[in-house]
Amino acid sequence: MNRIIPLILAVALFMENMDSTVIATSLPAIAVDIHTSPIALKLALTAYLVSLAIFIPISGWMADRFGAKTVFRAAIAVFIAGSVACAFANSLPAFVVSRFLQGIGGAMMTPVGRLVLVRATPKNELVAAMSWLTVPALVGPLVGPPIGGFITTYLTWHWIFLINVPIGLVGIWLATRHLPETEPTETPPLDFPGFVLSGLAASGIVFGLSVVSLPALPPIAGFITVAVGLVSGGLYLLHARRAKNPLLALELFRNEVFRASVLGGSLFRIGIGAVPFLLPLMFQIGFGLTPFQSGMITFVSAIGAIGMKFVTALLFRLAGFRRVLIWGSLIAAGSIAIYGLFTPETPYALMLAILLVGGFIRSMFFTGVNALSYAEISAADTSKATPITAVFQQLSIALGVALAGGILEVSTSIHGGPLTLGDFHIAFFIVAAVSAAASVTFMQLAPDAGNAVSGHGKLTIPNTLEAVGTAGK
């Protein structure tokens, strides 16, 4: 496998994933500088998510129309421009608009980067390639808080955004030099009604869930916006049945493997989306640790995520997608439930070991479910599958944060006091149960599902030795 391609794409995705979490640590400092409150500034976080929700659906059409390599480089450039604008923003409206611009770049970087990888990688090497690409999605949210805390404490918050400039420029240069050329293809006209409806649906749900869980606006605004999003989603379903070339090709869900990977992966991500929200809060509020101390503990999960890439391809080759994803989702959900047993008296070595194992399992799961999405999708349909998977990822992560926030609010209202350690324990148990439900989806798969990608059933003793020998390269 040509590892340079997934590594180039991973650099860009890491920049995006880390940036989206680094800012959360620095909200108080930014709020003071631009003369607003941290709660109001959370609108900037929501603006980024809304931008992703609006523009991800057209990423596949853009890649086909203008060439995936060209769009990927342009996306990095837009992300850089948004980062610079954030660094120089001196008011709340300017900062919100800058984050929205960043989101436009991010909306193209993630799905188009995955599309470039899928088109450049033979299916029998896709699991190994995805293992490299999955790491930044897991590492970014974990290393973001300690890095953000360090930069804000010892430098200024402006550098959180300015460091994206050299990273992005290097990414553009590497993409220009090493990524395969992708010529534009003949595409039907943009489904503009579908773009409007899908944008309203996804952004309405994401914005509404974000406002409910992070109440920068009255909760009723969140509920109304979610309702608008759901109605728009229903209208899009009606439109997609009649449109000749709908923006989101929902007929792909007729494929059992694609349907299981998207729906099962979404259920699992609800729990995973809640963890980066709950764990630092529990360490800081329940344990009394500083943000930097909390970040240094959660960082261990990132080490597990990186380490798992060395054996992921071999695991799926030995056991197949169905078996690994069933047990992987259950074990990973179990690790989330164990977080609900942590107390200030729990030995740090034990907590670090559990977080390390959780990072291993989540990395393996995401690598597998991302590769399975394309296992039975033709090359011509990859640009249709990519935005669908990306939209569901964003919705499920937003739902995970909203669910976690909602559980904490209900729990505190029941006992009528401030947040306690017990509130966090309840939240971890509930989101773990939701993640475990993903296993039911994968139980419906045929035993040989995705074997063309995993290589399961074609393994001989020499192949096993070869896989072990090359897994660490």
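Mentor: Keep in mind that this is a predicted model. Let's begin with helices α4 and α8, which are roughly antiparallel to each other.

Trainee: What makes α4 and α8 roughly antiparallel?

Mentor: Helix α4 (residues 68-88) and helix α8 (residues 164-178) pack at an angle of about 170°. Angles over 145 degrees count as roughly antiparallel, so that label applies here. Their axes are 9 Å apart.

Trainee: Which residues make the contact between α4 and α8?

Mentor: On the α4 side they include F72, I76 and I80, and on the α8 side V165, L169 and I172 are among them. The residues of this contact divide into ten nonpolar, five polar and two charged.

Trainee: And how many aromatic pairs does a search of the whole structure find?

Mentor: It finds 17 aromatic pairs. One of them is Y339 with F428.

Trainee: Why is the pair of Y339 and F428 called edge-to-face?

Mentor: The ring centres are 5.7 Å apart, which is within the 6.5 Å needed for a pair.

Trainee: Where do Y339 and F428 lie?

Mentor: Y339 is in helix α13 (residues 312-339) and F428 in helix α16 (residues 421-436), so the pair ties together parts 89 residues apart in sequence.

Trainee: Are these two buried or exposed?

Mentor: Y339 has a relative accessible area of 0%, and buried means under 20%, so Y339 is buried. F428 also has 0% relative accessibility, so F428 counts as buried.

Definitions and conventions:
Residues are numbered from 1 along each chain as its sequence is written. This is a predicted model: local features need pLDDT of at least 70, side-chain atom pairs count only at pLDDT 80 or more; totals for chains, interfaces and linings use all residues. Side-chain values use heavy atoms; hydrogens and water are left out. Axes are lines fitted to C-alpha atoms, for helices over the stretch in contact, and angles run from 0 to 180 degrees between N-to-C directions. Helices (H or I, at least four residues) and strands (E, at least two) are DSSP runs, numbered from the N terminus. Angles under 35 degrees count as roughly parallel, over 145 as roughly antiparallel, 65 to 115 as roughly perpendicular and the rest as oblique. Contact means heavy atoms within 4.5 Å. Ala, Val, Leu, Ile, Met, Phe, Trp, Tyr, Cys and Pro count as nonpolar, Asp, Glu, Lys and Arg as charged, and the others, Gly among them, as polar. Rings of Phe, Tyr and Trp (its six-membered ring) pair if their centres lie within 6.5 Å; planes under 30 degrees apart count as stacked, over 60 as edge-to-face and the rest as tilted. Buried means under 20% relative accessible area, exposed over 50%, partly exposed in between (1.4 Å probe, protein chains only).
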